[in-house]
Amino acid sequence: MTTNTDHSGKVALVTGGNRGIGLETARQLAEIGFTVLIGVRDLAKGETVARTLGSAVEAIELDVAASEAADRAAAEVGSRFGRLDVLVNNAAIHYDPSAQALRPDWTVIREAFETNVFGAWRVAAALAPLLGASGHGRLVNVSSEGGSLASMGAGAPAYSTSKATLNALTRILAAELRGAGVLVNAICPGWVATDMGGPGGRPVAQGAAGIVWAATLPDDGPTGGFFRDGKRLAW
Ligand code: NAP
């Protein structure tokens, strides 16, 4: 897995960028030259976190589950930068490994879809014109092998079906954005030791590296794919 290393002057937005894999992705993108906006629900806390990563990282208010927030963020990015080079749809909730589909908790299922699917969808739709304006836009949907139909079985019904739907959306967005030069891929970070992943997973740096790989693909790189560590996964 190689990462193109000169990205000075480029702008990236990472949703759910205030902790976990999103925060580490922001750190790695800033390290290779990007100006990074971390999308956060709590702007004051986000600004405090952004300051720890240096002057290339700023917070922007973006609750992906709120209907108008993506349009407001797009307007802000558009007026400040006129384009967006990388969008990382990272924000997600409700990993529910011990739940059963036949005992559905509709609140959890609906909330999972509202953030993991509709959130990523509305952010992608709002920011797509700015990704197109980049000329070399990259859209990374942070997914999970839990969303792979090829290996899907019992467990995590809300989370797994939401990630499978995100994978489907990835294919459709890749097709719709192909003509605009935007590469769209779904990335599984692996099992990572975060608040969501819990103890025992691999370090966030390893999980984020595969996301940064997809964010920095060359123009002839893949689109509409599903990867972990730069290697294809079965849908
Ligand atoms: P995490 O530690 O639970 O962090 C989740 C992040 O998403 C937080 O920054 C959270 O912000 C944000 N978020 C949640 N709802 C949001 C909303 N409505 N609007 C904006 N931000 C919101 O999770 P993680 O482990 O870093 O996971 C990051 C991504 O990797 C997710 O897409 C996850 O599904 C995927 N993934 C993780 C693992 C793993 O083992 N960790 C494995 C496979 C895939 P707040 O601080 O405001 O809550």
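Q: Hi! How many residues line the largest pocket, and which lie nearest its centre?
A: Hello! This is a predicted model, and in it the largest pocket is lined by 42 residues. Asn90, Ala92, Ile93, Thr194 and Met196 are the ones nearest the pocket's centre.

Q: Nice. How do the lining residues divide into nonpolar, polar and charged?
A: The lining of the largest pocket has 18 nonpolar residues, 16 polar ones and eight charged ones.

Q: Let's move to helix packing. At what angle do H1 and H6 cross?
A: Roughly 60°, with the axes of H1 and H6 (residues 204-215) coming within 8 Å. That angle makes H1 oblique to H6.

Q: Is the crossing of H1 and H6 left-handed or right-handed?
A: Right-handed.

Q: Which residues meet there, H1 against H6?
A: From H1 you have Gly20, Ile21, Glu24, Thr25, Gln28 and Leu29, and they meet Val204, Ala205, Ala208, Ala209, Ile211, Val212 and Ala215 from H6. By class, this contact of H1 with H6 holds nine nonpolar, three polar and one charged residues.

Q: Which residues make the contact between H4 and H5?
A: H4 brings Val108, Ile109, Ala112, Phe113, Asn116, Val117, Ala120, Trp121, Ala124 and Ala128. On the H5 side are Ala158, Tyr159, Thr161, Ser162, Thr165, Leu166, Leu169, Leu173 and Leu177.

Q: How many charged residues are in that contact of H4 with H5?
A: No charged ones; the contact of H4 with H5 has 15 nonpolar and four polar residues.

Q: Last one: what about H3 and H4, at what angle do they cross?
A: The axes of H3 (residues 69-81) and H4 (residues 106-134) cross at roughly 20° and come within 9 Å. That makes H3 roughly parallel to H4, and the crossing is right-handed.

Q: Who meets whom between H3 and H4?
A: Ala70, Asp71, Ala74, Val77 and Gly78 of H3 meet Arg122, Val123, Ala126, Leu127 and Leu130 of H4. The contact of H3 with H4 includes two charged residues, along with seven nonpolar and one polar.

Methods. Residues numbered from 1 in each chain as written. Predicted model: local features only at pLDDT ≥ 70, side-chain atom pairs only at ≥ 80, totals over all residues. Heavy atoms only, no water. 1 Å grid on protein atoms, 1.4 Å probe; cavity = no way out; pocket = protein on both sides within 12 Å on 5 of 7 lines; lining within 4 Å. Nonpolar A, V, L, I, M, F, W, Y, C, P; charged D, E, K, R; others polar. Axes fitted to C-alpha atoms, helices over the stretch in contact; angles between N-to-C directions. Helix = DSSP H or I, 4+ residues; strand = E, 2+ residues; numbered from the N terminus. Parallel < 35°, antiparallel > 145°, perpendicular 65-115°, else oblique. Left-handed = near helix turned anticlockwise from the far one by under 90°. Contact = heavy atoms within 4.5 Å.
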